[in-house]
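Subject: Structure handover

Hello,

Below is the structure I said I would pass on. My notes on it follow, arranged by residue and then by helix pair.

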Amino acid sequence: MNKSIRNILYLVNKYNKNHSKKFIYKGMFFDLKHSNKNKIDTGYIYIKNYKSFKKYLKDILKKDIIYKLNYWSKIMNLEYSKVYIRSSKYVWGSCSSKRNLNFSIRLISIPDNILDYIIIHELSHLLYFNHNKKFWNHVSKYYPNYKRARDILIIYQFLIFKNKIWNNIFRI
Ligand SMILES: [Zn+2]
């Protein structure tokens with residue numbers, strides 16, 4: 001971990017003290033309100049219970065991811081099989097030998113442009129199984145600023161680990 005990331009994590013930790021009760025949705029912080037229906041509105045997220053909220057987030061994320069996969073797989077000329085949204089806490093995404101793509105529910109918290117990096121990363125694994133030089137060259141063709149995206153993901157990983165709502169979701 002480089003020095004600038006360490007500095008950022010220090011600030012994130014301080015910031016989290018006031019924001020750990022908020023939910024991080026697509027790079028923004030929302031206050032939660034209890035409701036009989038799950039809903040994302042301006043400024044607030046309404047939640048029925050954690051179980052239904054988890055399903056609600058998975059459905060939104062799956063739509064977003066399929067939309068982006070359709071776009072990028074055409075540009076990159078790559079074909080994938082199935083898409084799964086997993087409850088993985090430690091992995092953002094993965095690609096299986098059957099050409100299935102797995103994505104973590106946590107991706108609902110990251111900004112839209114960073115989600116593009118994840119999509120390009122996983123699609124590139126259809127060509128290169130390892131994180132070797134050829135793999136990163138391929139990623140950089142479609143996402144030149146991938147190193148910055150990786151740094152931002154470290155920050156989001158940290159934000160999510162410290163977030164009370166995410167911890168409740170992972171407990172289900
Ligand atoms: Zn990878």
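Asn167 sits in helix H6 (164-171); helices here are DSSP runs of H or I of at least four residues, strands are runs of E of at least two, and both are numbered from the N terminus. With 13 C-beta neighbours inside 10 Å, Asn167 counts as partly exposed. The scale is as follows: a residue is buried if 20 or more other C-beta atoms lie within 10 Å of its own, exposed if 12 or fewer, and partly exposed in between, with C-beta atoms placed from the backbone. Asn167 and Lys89 are 78 residues apart in sequence, and their C-alpha atoms are 9.7 Å apart in space.

Please note that this is a predicted model, in which local features need pLDDT of at least 70 and side-chain atom pairs count only at pLDDT 80 or more, while totals for chains, interfaces and linings use all residues. Residues are numbered from 1 along each chain as its sequence is written.

Other single residues

Ile110 lies in the loop between E7 and H3. It is buried, because 25 other C-beta atoms lie within 10 Å. Leaving out residues up to four places away in sequence, Ile110 touches Gly27, Leu115, Leu153 and Tyr156; a contact means that two C-beta atoms, placed from the backbone, lie within 7 Å.

Asn38 is in the loop between E2 and strand E3 (39-40). It has 18 C-beta neighbours inside 10 Å and therefore counts as partly exposed. Neighbours within four places in sequence aside, Asn38 is in contact with Tyr46, Ile47, Lys48, Ser52, Phe53 and Tyr56. Between Asn38 and Lys55 there are 17 residues of sequence separation and 9.9 Å in space, C-alpha to C-alpha.

Lys133 belongs to helix H4. It counts as exposed because it has 9 C-beta neighbours inside 10 Å. Lys133 and Arg86 are 47 residues apart in sequence and 28 Å apart in space, C-alpha to C-alpha.

Positive phi

Lys26 is not a glycine, yet its phi is positive, near 50°. Its place is the loop between strand E1 (23-25) and strand E2 (28-34). Lys26 is partly exposed, with 17 other C-beta atoms within 10 Å. Asn77, also a residue other than glycine, has a positive phi of about 60°. Asn77 is found in the loop between helix H2 (50-76) and strand E5 (83-86), and it is exposed, with 8 other C-beta atoms within 10 Å.

Nonpolar core

The largest nonpolar core has 30 residues, and Leu107 and Ile118 have the most contacts inside it. Such a core is a set of buried Ala, Val, Leu, Ile, Met, Phe, Trp, Tyr and Cys residues joined through C-beta atoms within 7 Å. Two or more residues of this core come from each of E1, strand E4 (44-47), H2, strand E7 (101-104), helix H3 (112-124), helix H5 (146-161) and H6. H3 gives the largest share, seven residues. Beyond four places in sequence, Ile118 touches Trp92, Gly93 and Leu107.

Helix packing

Two packed helices are described by the angle between their axes and the distance between the axes. Axes are lines fitted to C-alpha atoms, for helices over the stretch in contact, and angles run from 0 to 180 degrees between N-to-C directions.

H2 and H3 pack at about 55°, with axes 10 Å apart. They are therefore oblique to each other; angles under 35 degrees count as roughly parallel, over 145 as roughly antiparallel, 65 to 115 as roughly perpendicular and the rest as oblique. The contact involves Asp64, Ile65, Lys68, Leu69, Trp72, Ser73 and Met76 of H2, and Leu115, Asp116, Ile119, Ile120 and Leu123 of H3.

For H3 and helix H4 (residues 133-142), the axes come within 9 Å and cross at roughly 140°, so H3 and H4 are oblique as well. On the H3 side the contact is made by Ile120, His121 and Ser124, and on the H4 side by Phe135, His138, Val139 and Tyr142.

Record annotation

UniProt, in an unreviewed entry, lists residues 50-153 as "domain: YgjP-like metallopeptidase"; positions follow the numbering used here, feature names are shortened, and annotations may be inferred rather than shown by experiment. In the model, the end C-alpha atoms of that span lie 24 Å apart, and the span is 56% helix and 11% strand.

Regards
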